[in-house]
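Here is a short note on salt bridges and helix packing, point by point. Please read it beside the coordinates.

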Amino acid sequence: MIPITLKKITQFFTILAAFFILNGCQTLANVDKGLYTVADAISEKDRVTGRRSLSMASRQQQIAQGNAYIDQILKKERQAGRPINAKLDRKAYQRLVRVFDRIHQISHLRHERWQPVLIKRDSFNAFTTGGTYIVVHTGLMDQLSEDAELAAVIGHEIAHTVANHVFERQTHQTAAVLSGSSTARQNSYQAAFTHESEIEADKVGILYAALAGYDPYAASRIWARQYRKEGAARSLFFHDHPVNSERAALTRSVADKVNRYYQRGRQNPQFAQLLNSNSLWRKQQSETAAGQGGGFAALLSTALNAYGQHHAAKQEAQRQSQQMQMLRLLEKQLVVRQEKVINQRSWRVTWQNRNKHTLKNVIMGVLLKDTKGNVSRLITHIKGNIRPGQPFSGTFTLKNHKVADLRHMQLRYYLDDAKL
């Protein structure tokens with residue numbers, strides 16, 4: 001209901017301002033021009049939707065600040081004697097450039113000169129900082145054997161910059177401090193705000209992949225695989241990304257909507273038009289001019305769109321809090337009945353479900369803390385539904401330790417995910 005209400009309010013103020021201006025109120029026209037200048041100083045037109053979003057940095061400033069951060073990373077790599085790009089792995093870098101070029105060529109920022117960077121890290125990660133770099137870790141390249149999966153990640157990262165997520169968040173945080181908002185300072189809210197940006201980046205990135213000739217369902221395969229490998233960790237902390245199971249479902253839903261634009265192995269010839277109008281959004285192309293009601297409309301739409309984002313983040317934080325509380329309550333009624341060593345690296349745990357509810361899609365986890373304070377997490381997927389009073393078992397397998405090492409570690413079992 002909020003978007004419809006805010007749109008009507010915006011239209012009302014635009015018509016009201018235009019009425020006064022058309023009736024010869026030059027003073028009000030000058031005021032409107034001033035308001036337009038203010039709106040431009042604190043916002044920008046979203047490249048995806050055309051709506052106003054908070055931002056106090058011009059594109060030139062975004063590039064300068066974002067690239068300065070990456071330049072520092074690359075400087076440290078050189079100082080440490082760590083090679084990057086083709087000197088690190090020629091074949092992997094050529095693949096990265098090939099996939100990147102296809103995605104970048106159909107993006108909203110295709111007229112900017114960008115540079116993909118490959119650095120040596122084992123983590124499954126890639127990132128941008130709002131400039132014209134995209135940094136990719138070798139760990140991610142190794143795990144994504146399909147070019148279509150790599151395309152989904154690259155599209156997602158470019159989308160973050162296209163939608164101005166980095167500087168939009170900074171401006172929201174500044175506004176929260178100035179307004180004295182206690183909610184916006186909470187970790188749960190900040191994670192939820194980023195969570196919503198990640199969903200938007202997935203949508204844009206999957207559309208990019210489809211328009212560039214890559215299978216749009218690849219993103220869903222990534223997160224389904226990560227769910228099998230990592231679980232969800234819903235009960236442990238607030239998430240600034242959709243949990244793997246939700247992300248797999250969300251990205252599949254997006255793929256269903258954009259698959260019509262996918263032409264295997266080739267760029268969709270209508271990509272430019274489709275960036276503005278497609279099954280996910282229709283870009284707002286026009287805006288009332290300054291001095292003719294545009295200032296009133298621009299400033300008001302900026303405020304109302306910011307409020308909409310704030311409201312969505314609060315709702316997401318509340319949703320995650322409720323899920324976390326539910327899982328922790330269910331976890332208290334899962335009692336360990338037996339632990340049995342299978343071999344040097346694996347052991348089997350049997351629990352009993354003392355809840356009054358049947359549990360579905362259960363994932364059990366264990367947190368391990370070694371003598372140095374390092375924390376690791378293992379999961380085990382439980383097959384079938386777990387009825388009240390029913391015992392159930394799962395196996396944990398260590399990678400870097402032996403079962404005998406557990407006697408020197410702190411260990412805690414937890415409910416990673418489940419549905420009623």
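**Notes on charge pairs and packing**

1. D416 and R377 form a salt bridge, with their closest N and O atoms 2.9 Å apart. A salt bridge here is a side-chain nitrogen of Lys or Arg within 4 Å of a carboxyl oxygen of Asp or Glu. D416 sits in strand β11 (residues 410-419) and R377 in strand β9 (residues 375-381), so the pair ties together parts 39 residues apart in sequence. Helices (H or I, at least four residues) and strands (E, at least two) are DSSP runs, numbered from the N terminus.

2. Buried means under 20% relative accessible area, exposed over 50%, and partly exposed in between (1.4 Å probe, protein chains only).

3. On provenance: this is a predicted model, where local features need pLDDT of at least 70, side-chain atom pairs count only at pLDDT 80 or more, and totals for chains, interfaces and linings use all residues. Residues are numbered from 1 along each chain as its sequence is written, and side-chain values use heavy atoms, leaving out hydrogens and water.

4. How many salt bridges does a search of the whole structure find? The total is 16. One of them joins R98 and D147 at 2.8 Å, N to O. R98 lies in helix α5 (residues 90-104) and D147 in helix α7 (residues 147-162), so this pair ties together parts 49 residues apart in sequence. R98 is partly exposed at 42%; D147 is partly exposed at 24%.

5. R221 pairs with D215 at 3.0 Å, N to O. R221 is partly exposed, at 29% relative accessibility. R221 also belongs to the α10 side of the contact with α7.

6. That contact brings A148, E149, A152 and V153 of α7 against A218, A219, R221, I222 and R225 of α10 (heavy atoms within 4.5 Å). By class, it has six nonpolar, no polar and three charged residues. The nonpolar class is Ala, Val, Leu, Ile, Met, Phe, Trp, Tyr, Cys and Pro; Asp, Glu, Lys and Arg are charged, and the others, Gly among them, are polar.

7. A network of salt bridges links R234, E246, E316, R319 and D417. E246 is among the buried residues of α11, as are R247, T251 and V258. Elements covering the buried residues of α11 include α7, α9 (187-211), α10 (218-230) and α13 (294-331).
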